[in-house]
Amino acid sequence: MQTLTDISDTNYITYQVWNPNKITNTTNSNRIAWFKEDGTVLKVDTLPRLDGTTHQTHTFTKPSEAMLCRLSAIVGVNGVKDPDIKIKFEKGNKPTDYSVSPTSTSTQIANVVSKQSSMELDLDGFRTEVS
C-alpha cells in the first residue's frame, strides 16, 4: 500500500531529480496523483521524464480540492535502477538543494554505531588473545 501525503498546508509541490549519469527514459514516467480529503482521486499529473540532463525541476499547482497526494518516481531505465539518481518532492514552489532524508540519516548513524560496537568487541577479543 502506498502512502498518501498530507498537502493541505501548501498550494504547490516541487519535483526535482538529480541525474549525474545522464540517464534518458523515454518510456516510463513519474506521476503525482491528487486526492480529496476522503481519498477520492481528483486527477493524475505526469512528471517530466528523465531527459538526460543532470538536473530537472518542475513545480505543480495542486488542484483546489486536493488535500492529499501520492508521489511516484522511477529511478532508472529498462528495469535497471541507477543508485546515483536522487529525487526530491517538496511542498512549496521554491526548489531547494538535495538533502538526505532524516530517516535515512538516523538509519545510517545506527549502522555506524552498531559497526563500531562490533569492532570494539572484535578488538577487545583480539587484545585478549595477544596478551
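## Close-up views of a predicted model

**View 1. Strands S3 and S4 pair side by side.** Strand S3 (residues 31-35) and S4 form an antiparallel pair over five bridges. Two strands pair if DSSP finds at least two bridges between them. Strands are DSSP runs (E, at least two residues) and helices are DSSP runs (H or I, at least four), numbered from the N terminus. Across from Thr-46 in S4 stands Arg-31. This is a predicted model: local features need pLDDT of at least 70, side-chain atom pairs count only at pLDDT 80 or more, and totals for chains, interfaces and linings use all residues. Residues are numbered from 1 along each chain as its sequence is written, and side-chain values use heavy atoms, with hydrogens and water left out.

**View 2. An open sheet holds four strands.** Their order is S1-S6-S3-S4, with antiparallel pairing. Strand S1 (5-6) and S4 stand at the edges. Each has a single partner strand, so one side of each is left without a neighbour in the sheet.

**View 3. Asp-45 sits in strand S4.** The strand spans residues 41-46. Is Asp-45 buried or exposed? Asp-45 is buried, with a relative accessible area of 14%. Buried means under 20% relative accessible area, exposed over 50%, and partly exposed in between (1.4 Å probe, protein chains only). The side chains of Asp-45 and Lys-43 are joined by a polar contact of 3.3 Å. Such a contact is a pair of N or O atoms within 3.5 Å; within protein, one must be able to donate a hydrogen and the other to accept it, and residues adjacent in sequence count only if both atoms are side-chain atoms. Leaving aside neighbours within four places in sequence, Asp-45 is in contact (heavy atoms within 4.5 Å) with Asn-30, Arg-31, Ile-32, Trp-34 and Phe-60.

View 4. The rings of Tyr-15 and Phe-89 have centres 5.4 Å apart and planes at 45°, so the pair is tilted. Rings of Phe, Tyr and Trp (its six-membered ring) pair if their centres lie within 6.5 Å; planes under 30 degrees apart count as stacked, over 60 as edge-to-face and the rest as tilted. The pair links distant parts of the chain, 74 residues apart. Tyr-15 lies in strand S2 (residues 12-18), Phe-89 in strand S9 (residues 86-91). Tyr-15 is buried, at 1% relative accessible area. Phe-89 is partly exposed, at 24%.
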